[in-house]
Amino acid sequence: MGTALLIFRLAARDVRHHAAQAILLVVAVAAATATLTMGITLSGVTSRSPYLTTRAATRGPDVVAYLTSAAQATTLAHASGVANYSGPFPVAAATIHFDGRQADVFAEGRSQKPAGVDQPLLTAGSWVRPGGVVIERTFADALGVSVGDRVAMNGRSYAVAGIAVTAAQSPYPNLCNGTLVAPTAAASKFSNACPAFFNIPFLSLGNGQYLASSDEVGQVWMTEPDAIGLTSPANRLTTYAVNLKLTNPDNAQAFAYDRFVHASGATSPVFSTWQGLAAEDGKLIQDGQGVLQPGAFLLALLAIASVAVLVGRRLSEYARRVGLLKAVGGTPGIVAATFLAENLMLAVFAAVVGLAAGWLAAPLITKPGAALIGAAGAPPLSFINVLQVIGLAIVVALAATLVPAIRASRGSTIAALNDVGRPPKRRGALVRISSRLPIPALFGLRLDARRPRRSLLSAANVAVTTAGIVTVIAFHAFADNKLAGAIALTGGGLSNPVVNRDEQMLTVVMVMLVTLAVLNALFTTWATVLDARRAAALMQALGARSRQISSGLVLAQELCALPGAIIGIPLGVLLYKVAVKHGSLPPVTWLVAAAIGVLVAMAALTIVPARIGARQPIVEVLSSETA
Amino acid sequence: MQQEVVLAMLAKEPSSGSRLRARLNDALGPLGEDVNDGQIYVTLSRLEKAGFIARQGTESPDAGRKVYGLTAAGQERVAEWLSEVAWPKPDLAEFHLKLVAAAQAGLADPIGIVDAQRRELIRRLWDVERAAMAEPNGSQAGLLLEGIVLRLQADLRWLEACERAWIDRRKQG
Amino acid sequence: MNENSSGAPIVRARGLRKEYGSGSGLVRAVDDVDLDVAQGEALAIMGPSGCGKSTLLHLLGGLDRPSAGEIWLEGRQIDKLSERGLAQFRRHDVGFVFQAFHLMDELTAQENVELPALLGGRSPREARRRARQLLDQVGLSDRAGYLPSALSGGQRQRVAIARALANDPQIVLADEPTGNLDSAATLEVLRLFDGLRTAGLTFIVVTHDERIAATANRMISMRDGVFVDEMRLTGGSKRNLANCAGLGG
């Protein structure tokens, strides 16, 4: 009991003594654990899909079909296996304008009385009336409308009567997600784009071809007369929607597949099933996870690197303390335990902080597109999850401190007491090469050569940071592409909520990455400058100018940073591919620019500490250090 | 020059005065110059009178010179001397009392006396050190010179201590 | 105080002062010191530890700035020089030998000696040649490739001396050059200094060891930041030697 108390007191005092380093350690580990917590939370949400809640609340259909004539629709509604139906509802194509923004919509004509299948649930306002339209919730967000605003559709003005959610389509912008296309003999496939043979005029390229994909179509409901009023000889009514409830909901796939397979031609119906829609909903969340997990991985790496640098700096001072403890009778066990205890205490504390932060931040991400009700909120973290996160923190702390702790506790006592720090390494070849270089390069290269482990850590830091930035840039480019490239429409300019949300998350991750990387870089520079004090003072005593010394210190960092930035580019691309499986890459020049940006930032961060390091009083430094 | 030294030098083999002189020069290096020829011969005759050495005739190659060799008593005395551990006395008491006397009588400033003595010792040290630097590495004389230098340094340390002590004493009034 | 007929003093200081702290904590390490050193002269500054002699040497070598006073080296005033000018100075005109050697642990003896030459702008090949020559001069040509950890104290100090000579300085300043050495190693260094002195280098050595002063021809005693005494070394008097050895009478 006494030993444990002693260890605890020693560790606590040491933490107070080096508060700044303790804080940095906590920040590093907390950032990593917060990201991981958010990732875990998201994965927990998949199984609690809001889609199902919405389906229950809106009497969601098992199968939705779009056909080219009302008669066809009615025939389908009376097919065997159908228990209930609503429709056929005319679906007109229109362009909506509001506040300088425009988009394409399917305007579905509805009765003012509630339907038996798929009655969208109002989240604001009231249901359709003559001159009053109801807009799907995510689309309304993107468009920026609220109840009471006036919108223009195909030149006519309407009031926004209400805002609603439905389980019959995927929320904007993935309206056509979940529709059945091109089946193979083996299985049906769901598209994430509106089918080419969907007979909607604005999908036409004008030369007889249709665009294969359109994600930027919104859903709007209005009275049937109003909907028909939108059509014209140029924009004829060609589509009817019917919502089916089957006697056996699980049969929905088979039902749709059967009819799809036997249809053909330009008038074949388009189906979507509730399973397809549910799967699409799930993808939304997995997508998000796909963004977070690489982020958490990168952060964990950075956290380990930070902790390693922090710990490495303290090693010689630690070695003396070890020698002292052992000289007064402490066993190697106690000694290692003190060192580990301190770092583990901080890591666990950081894990708890990260858990709390991640749990509180999770709702920002688990509101999948606002279209489905029952946003997940803050789901409870299971005990296992908590253990996972704390486990990560412990792994990070151990990875950085275990080896030095064991080595120090095993070494000879007198050697530890006399320890003057790890002697610098000698690399004969590098020394020879450096003598051919100008003085700053000579100094910088030799500085890196004498502390290879720290140089490696610095390079790793830069590699991870560059990878993170590359991933974010690639994702931004991908998002921009989705927005601008997919539809050849003028105007538009609506934000894509899914991509937005992904971008938000990625930005959050990147901000954390960059903060951590900056702190890490500053710290490594500080450690380098401190370690180089004697060498710098000596060089100056021999006649080097302080500008040569400060340039040398900056060069030392840049020499490590360069390979890191180079490796970071492919690493970032790899992570991007993991997050966005089929995305295309942005131009290489952008990625290279990112790497160069990191290098420049590194230099900027190093300049001030380097200047300070080069201006120390020569005599003071030399007298205080031993030969 | 201690008599026993000359006696011991003869223990290797009987020698004439001039051979002895040469061997002493070898061992003493530059310091050998300061040893007077006369001193050697005087010592030799004293030792002869005391019965420790005896003339050995002229069988030696340097005919015409007196060659001396050890007697039995002489050998005994050498053996005795070799095992004695008396060490040459440092004569600090004299200087110490000089300072005390000067201070008590008010004749001179003890610190001034110490300074003057320091200067003299430093000069001597310089001379000896110069001689030592001129000797080849590992010479016997070099070893002797090192000993002299270290002694002088020790004395100088003591003089510094004297100076500090007398300055403190003066401060306390 | 002492100007050679051959010209102005190569080192000249007036009213030199170095202070630390302030108010009641003010310490004057060097307190109003005047000094002239002629070219080719070897000066030893002696005093107990803490008397300010090391500080004085740092000021003369441009490693530290005085709180007051003026210093001229080789006719140029250095107390007002910019950092850059001082660096230039330290590179070419002054060679400094530290008590703690201050060699770079990860460089061989030769690489240590090359360093000032490289700083001085010589090509790597020339620097290497100069280093070899100097190591030869100090008697360490067979240890050129050794790390300092593999050298004895005396050998390390000789490397440090060789390094101080790398750029052919006019003045060599040495701070306790034999402070960490045993008797035999001290003799090695003394011989070296003597040889350099006869070659015409100007020497200022700070020490509390009288032996090193034997290589000088002038000795100044320092206490509490001021000069208190001065001696010139006259020719040797061998009569004294025998007395010291107990060979008298």
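These notebook entries record what I looked up in a predicted complex.

**Entry 1. Conventions and confidence**

I number residues from 1 along each chain as its sequence is written, and chains are lettered from A, with ligands numbered from 1, in the order in which they are written.

I noted an ipTM of 0.82 and a pTM of 0.68 from the predictor for the complex. A contact requires the C-beta atoms of two residues, placed from the backbone, to lie within 7 Å. Where pLDDT is low, the predicted coordinates should not be read in detail.

**Entry 2. Chain A overall**

I counted 19 helices and twelve strands in chain A. Both are DSSP runs numbered from the N terminus: helices are H or I with at least four residues, strands are E with at least two. Of the 627 residues in chain A, 52% are buried. Among contacts in chain A between residues at least 6 apart in sequence, 85% join residues at least 24 apart.

**Entry 3. Chain A against chain C**

I found 25 residues of chain A in contact with 26 residues of chain C. On the chain A side, the elements giving two or more residues are helix H13 (439-450), helix H16 (533-541) and helix H19 (618-624). Which element gives the largest share of this side? It is H16(A), with four residues. By class, the chain A side has 15 nonpolar, five polar and five charged residues. In this scheme Ala, Val, Leu, Ile, Met, Phe, Trp, Tyr, Cys and Pro are nonpolar, Asp, Glu, Lys and Arg are charged, and the others, Gly among them, are polar.

**Entry 4. Backbone geometry**

Most residues other than glycine have a negative phi, and most peptide bonds are trans. I therefore looked up the exceptions below.

- A cis peptide bond joins A:Gly87 and A:Pro88, with omega about 0 degrees; A:Pro88 is placed in strand S2 (residues 82-98) of chain A.
- A:Asp99 is not a glycine, yet its phi is positive, about 50 degrees. A:Asp99 sits in the loop between S2 and strand S3 (101-110) of chain A. Is A:Asp99 buried or exposed? A:Asp99 is exposed, because 10 other C-beta atoms lie within 10 Å.
- C:His102, also not a glycine, has a positive phi of about 55 degrees. C:His102 lies in the loop between strand S6 (94-97) and helix H3 (109-119) of chain C. C:His102 counts as buried because it has 23 C-beta neighbours inside 10 Å.

**Entry 5. Chain B**

I found that the axes of helix H5 (residues 92-105) and helix H6 (residues 110-134) of chain B come within 9 Å and cross at roughly 150 degrees. Axes are lines fitted to C-alpha atoms, for helices over the stretch in contact, and angles run from 0 to 180 degrees between N-to-C directions. On H5(B), the residues in contact are B:Phe95, B:Lys98, B:Leu99, B:Ala102 and B:Ala103; they meet B:Pro110, B:Ile113, B:Val114 and B:Gln117 of H6(B). These residues divide into seven nonpolar, one polar and one charged.

Strand S3 (residues 67-70) of chain B runs antiparallel to strand S1 (residues 15-16), joined by two bridges, and antiparallel to strand S2 (residues 53-55), joined by three. Strands count as paired if DSSP finds at least two bridges between them. B:Tyr68 in S3(B) stands opposite B:Ser15 and opposite B:Arg55.

B:Gln2 is in the segment before helix H1 (3-9) of chain B. B:Gln2 is exposed, because 12 other C-beta atoms lie within 10 Å. The C-alpha atoms of B:Gln2 and B:Thr43 are 8.4 Å apart, although 41 residues separate the two along the chain.

**Entry 6. The sheet of chain C**

I traced an open sheet of four strands in chain C, in the order S2-S1-S4-S5, with antiparallel pairing. Strand S2 (27-37) and strand S5 (76-77) stand at the edges with a single partner strand each, so one side of each has no neighbour in the sheet. Strand S4 (residues 68-73) pairs with S5(C) over two bridges, and C:Leu73 stands opposite C:Arg76 in S5(C).

Methods
Predicted model: local features only at pLDDT ≥ 70, side-chain atom pairs only at ≥ 80, totals over all residues. Buried ≥ 20, exposed ≤ 12 C-beta atoms within 10 Å, placed from the backbone.
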